[in-house]
Each structure stands twice: as structure tokens, then as C-alpha cells.
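I opened the model today to look at one helix and its surroundings. My notes follow in the order in which I looked things up.

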Amino acid sequence: MTEHNYNELTDTVLSQLASSGNMSAIETIYRRHYPLMLNFGMKYYADAEFVKDCIQDLFVKLICHPALFRHVEFVRSWLLISLKNIMFDRLKSVKPSSSLDEVPFMTIEENILAIAQTEGLDDEQIKDRRNLAKAFKLLGGSQRMAVYLHFVRGLSHKEVAALLDMNVQSSRNLLSRAISKLRKNMFTLMMLLTI
């Protein structure tokens, strides 16, 4: 099978191949999900080299123990959970009292503002994007993470639920509350700006 053929395989098929030690499948999973893992890790801990080291540690472990790929239902969320656990373990060894749950989930304000700078947007649209970034900062950590994972990174409700360690309905409810709060925050910001 050529590299091109591996790129056409689904994550589920790749993880089945990877579980038997197929290095091309593991490499394809790595290349496919590396940007997501790096971006996700940076949302927790803003040190790119640290996050890259943790990703490398994860894949060294997966290469040495490919059977870990067995019974993986959602590859993306499983990789992110695994990365989060490795980051937690490494941070814990440095600072015994630290926990990723205590580290504030960084906002996607920079992403929204970058989008706002694209050509074709007028001043009003740019102002709306900036207000959205401010409203986003007012969400709770798990709400920000759910919105980021689902709407920015494109993870399914099942994947978000697996990553946040909750059932799918709870994940949907969390996203629904986050969107309602975003709307409320946006309205409040708009009202403040008109005063």
C-alpha cells in the first residue's frame, strides 16, 4: 500500500492497522493529527517545545506498544486525552501540586482575531469578531474547551464527550449552554458599547 493509499484510510482503519504494528499507519495518524495535538496542547500549556516533547513521548509509546490502538473508537479524542495525560504526568513531576485542571484553558481570541484580519471584512465585521473573542473569554473553562473542540477543530459530539469524560448528551448540553452564554455575553458587550 502506498503513502497516498494510507492517507485515504479512515482513522478507524488506520488504528486497526496500527494496532498490529504497521508503521505506515502510525505515521499517517501522526501526520494527520499532529497539528491538532500541538494546537490542543498549547491551549493547556503555552510552551511549544514542551508540547512537542509530549507528543513525541506519546508516539514513542505507541510505536513501542502498538496494541494500545486496539479498541480505539475515536482516534482524535483518544490522542488528545493521551496527550493531556502525558502533559499532566510531566507537569506533575516538575510541580507536584500542579494539575491541568488548574491551568486555565487559553482562549481562542488570537484565532478569532486572525480570522477578523482576513480580506473582505468591513470594520463592523471586525468589531463583531473582536466582541466575540471578548465574549468567549467570559465562558467557563470546560465551555471554552467544548466550543473550541467542536466548532474550531471540528470534533464530533461523541469525540468531545470522550475527551471531556462525559456522556454525549451532557456534552451537547454543555455546548448549548456555552452558545447561549456567548449570545448573552455578545448582547451585553454590544449594549455596553452603545452607552
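I listed the buried residues of α3 first: A25, I26, T28, I29, H33, L36, M37, F40, G41, K43 and Y44. The model is a predicted one, and I read the values with that in mind.

For context I then looked at the whole protein chain. I found 10 helices and zero strands. Of its 195 residues, 38% count as buried.

Next I checked the length of α3.

I followed the axis of α3 for bends. I noted a kink of about 50° at H33, shortly before the proline P35. H33 is also on my list of buried residues.

At the start of α3 I looked for a side-chain contact to the backbone. A side-chain oxygen of N22 comes to within 3.0 Å of the backbone nitrogen of S24.

Last I turned to the packing against α4, residues 48–64. Two packed helices are described by the angle and the distance between their axes, so I looked up both. The axes of α3 and α4 come within 10 Å and cross at roughly 150°. I recorded the crossing of α3 and α4 as right-handed.

Conventions: Residues are numbered from 1 along each chain as its sequence is written. This is a predicted model: local features need pLDDT of at least 70, side-chain atom pairs count only at pLDDT 80 or more; totals for chains, interfaces and linings use all residues. Side-chain values use heavy atoms; hydrogens and water are left out. The bend at a residue is the angle between axes fitted to the seven residues ending there and the seven starting there. Helices (H or I, at least four residues) and strands (E, at least two) are DSSP runs, numbered from the N terminus. Buried means under 20% relative accessible area, exposed over 50%, partly exposed in between (1.4 Å probe, protein chains only). A polar contact is a pair of N or O atoms within 3.5 Å; within protein, one must be able to donate a hydrogen and the other to accept it, and residues adjacent in sequence count only if both atoms are side-chain atoms. Axes are lines fitted to C-alpha atoms, for helices over the stretch in contact, and angles run from 0 to 180 degrees between N-to-C directions. A crossing is left-handed if the near helix is turned anticlockwise from the far one by less than a right angle, and right-handed if clockwise.
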